[in-house]
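Hi everyone, thanks for coming. I'd like to walk you through one structure today, so let me put it on the screen.

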Amino acid sequence: MYSWCQPFTGLTSLSEILIVMKKILYVTDALNLHLENLEFAGYICGLAQSKLLAVFLENDELEMRTESMIRTAAVNAGLNVTEETLSLKQHTCDTNIQRFKTACETKGIDCAVHRDRGNPLAEIILESRYADLLLLDVTTTFSANNEGTPTDFVKDVMSNAECPVMLMPESFNGVGEIVFTYDGKPSSIHAIKQFTYLFPQLKELKTVVVSVNPEEVSPEERYKFREWMHAHYNYLDFLSSEGNVKMGLVELLLDRNKSIVVMGAYGRSMISNFFSPSHANPVIKVISQAVFIAHN
Amino acid sequence: MLTIELLVMKKILAVFDGLKFSDSTLKYAVKMGIQHNAMITGVFLEDMTYSSRGIYQLYSEKEYALDSVKHLVAEDRHERDAAVDRFENACKDAGIAYMVHRDKQLAVRDLLKESRYADLLLIDASESMTRYTEESPTHFVREILAGTRCPVLLLPRHFTDIRRVYWLHDGSPVSIYAFKMFNYILPVLSELPLDVLSAKMPGEEGIEADKLLIKELVSLHAPHAGFISLTGQPDLEIPLFLRKQDKESLLILGAYQRNALSMLFKASMADLLVKEHQWPLFIAHNK
């Protein structure tokens with residue numbers, strides 16, 4: 001009777017999925033390459049079965065950094081500092097790209113490199129439009145001043161990127177759980193969906209949903225949310241706390257270990273709080289996790 | 001590179017008007033359910049203010065007027081029940097997970113809320129939720145497109161198997177967003193032949209950097225995709241081109257951002273294509 005409901009012949013059906021490759025960008029300042037991030041980047045690429053596209057931001061149009069900063073960068077890249085600044089900068093960028101490629105080869109990561117010479121923010125926003133995910137180091141900056149983390153550049157990328165942004169953890173020893181922050185607002189749901197669409201493979205991982213003052217969301221809506229979550233994840237846990245949102249979240253996220261924390265716009269102002277130096281010790285621990293931010 | 005793995009269960013909303021049941025929506029819903037291991041929620045909007053008859057048909061000066069009104073209301077209720085039964089039976093026969101949601105509240109607002117916790121919304125483009133027939137896209141469909149929190153698959157009046165995909169790429173961020181969402185949500189369909197379709201006025205040149213980036217993105221998601229560039233007014237050339245192709249195609253386009261004012265003055269590509277009732281349109285926006 002329902003002959004039309006047969007699956008397409010030749011196409012995969014029912015319980016099988018075709019994982020389409022994703023376009024994952026690894027964003028770095030061409031002068032300051034943090035190779036210690038590569039472990040995490042490699043993990044993400046392996047998960048998404050994708051190659052790593054490194055975007056080296058060279059910032060040639062409006063270099064604000066001082067000569068001595070460029071010299072320090074050159075030394076960090078392992079160069080002899082004998083050239084004049086302009087060619088030294090070029091040379092440092094080239095060396096870093098080479099270092100990156102070698103490191104990827106050693107770790108078995110399939111990589112490609114884009115060199116973007118213009119305004120770093122404009123270049124990265126354009127790149128993000130054509131990408132599925134952007135991996136970023138929280139300390140990335142093109143300013144001559146000393147900045148706290150996240151830097152202004154990182155904040156700008158987070159609020160303007162046209163694809164989700166993942167802040168990479170400083171050190172990486174595997175992912176044991178996913179932590180979703182949920183406040184019932186469209187942007188937190190958007191972030192959860194985007195993460196789920198990018199990494200459907202993680203459905204078997206331990207998953208924790210944290211909310212502060214969950215009663216602010218209507219019971220009906222919470223029910224619908226749980227229903228969606230149960231359809232997409234197999235091992236779910238819900239945690240909540242009451243009171244101040246900022247402190248509540250810090251409290252909920254504090255003891256997490258080996259996690260990826262997923263946030264919506266909630267995250268954008270929250271993130272700065274997490275990184276705020278004022279409550280140094282406990283909070284810094286939070287940022288040692290990977291943070292995934294998507295806004296709409 | 002492709003890997004075969006267990007699929008996450010998707011949640012798909014299929015919107016029905018119980019008084020004007022759309023066969024096409026049912027067929028697409030069942031197909032999507034099977035193909036993408038999705039749970040289909042049949043949303044039956046039963047707005048109290050909407051019945052199959054106008055007020056004058058109900059009006060009668062005869063003594064037993066109230067009885068006849070009651071009778072007519074009962075008839076409507078019966079028809080709505082029958083529609084739900086049809087949906088349930090089709091899902092059972094196909095062996096897919098389903099739920100029924102009958103909604104007696106204000107139709108649109110509720111549906112939009114529901115879309116937050118769904119991965120895709122299916123609706124017949126001619127659905128109006130009134131007794132009247134309207135030109136597509138109807139007011140009802142427009143409202144859904146403007147306020148939805150998940151991508152929408154706007155369906156033609158008749159079901160056809162989807163065998164080909166065209167991405168209508170106009171260079172805007174939202175059209176790229178729609179392409180990404182299509183690949184995330186309907187990975188089985190992203191295995192079908194895909195063409196990237198664009199139209200430019202003669203002499204109009206795209207930005208070189210954009211072209212390279214778009215090729216890179218497409219090469220990862222759909223390695224065998226073709227690129228078709230038409231010359232001329234997009235509003236004319238694209239429908240003209242599509243009419244000459246097989247009807248079994250799905251079109252991806254980004255549309256309906258919140259800027260409603262500009263929509264009043266300029267019909268979007270989606271409006272033009274919806275009118276033809278030929279193709280399922282996958283529409284997403286990130287606002």
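This is a predicted model: local features need pLDDT of at least 70, side-chain atom pairs count only at pLDDT 80 or more; totals for chains, interfaces and linings use all residues.

Now please turn to chain A, and to its sheet. Here we have an open sheet of 10 strands with mixed pairing. If you want to trace the order on the screen, read E4-E3-E2-E5-E6-E11-E10-E7-E8-E9 in chain A. The edges are strand E4 (111-116) and strand E9 (235-241) of chain A, and each of these pairs on one side only. On average, neighbouring strands in this sheet are turned by 25° against each other, direction ignored.

As a reminder, strands of a sheet pair through backbone hydrogen bonds, either parallel or antiparallel. For one example, look at strand E7 (residues 177-181) and strand E8 (residues 206-212) of chain A: they run parallel and are joined by 5 bridges. Within that region, A:Phe180 has A:Val209 in E8(A) as its bridge partner.

The sheet also has a helix packed on it: helix H3 (residues 85-107) of chain A, which touches strand E3 (52-57) and E4 of chain A. The direction of H3 makes about 165° with that of E3(A).

Last stop, a helix pair. In chain A, the axes of helix H4 (residues 120-129) and helix H5 (residues 152-160) come within 10 Å and cross at roughly 30°. That angle is under 35 degrees, so H4(A) counts as roughly parallel to H5(A). The crossing of H4(A) past H5(A) is right-handed.

Which residues meet there? From H4(A) we have A:Pro120, A:Leu121, A:Ile124 and A:Ile125, and they meet A:Phe153, A:Asp156, A:Val157 and A:Asn160 of H5(A). Sorted by class, this contact of H4(A) with H5(A) has 6 nonpolar, 1 polar and 1 charged residues.

That's my tour, and I'm happy to go back to any part of it.

Terms used: Residues are numbered from 1 along each chain as its sequence is written. Chains are lettered from A and ligands numbered from 1 in the order in which they are written. Two strands pair if DSSP finds at least two bridges between them. Helices (H or I, at least four residues) and strands (E, at least two) are DSSP runs, numbered from the N terminus. Axes are lines fitted to C-alpha atoms, for helices over the stretch in contact, and angles run from 0 to 180 degrees between N-to-C directions. Two residues are in contact if their C-beta atoms, placed from the backbone, lie within 7 Å. Angles under 35 degrees count as roughly parallel, over 145 as roughly antiparallel, 65 to 115 as roughly perpendicular and the rest as oblique. A crossing is left-handed if the near helix is turned anticlockwise from the far one by less than a right angle, and right-handed if clockwise. Ala, Val, Leu, Ile, Met, Phe, Trp, Tyr, Cys and Pro count as nonpolar, Asp, Glu, Lys and Arg as charged, and the others, Gly among them, as polar.
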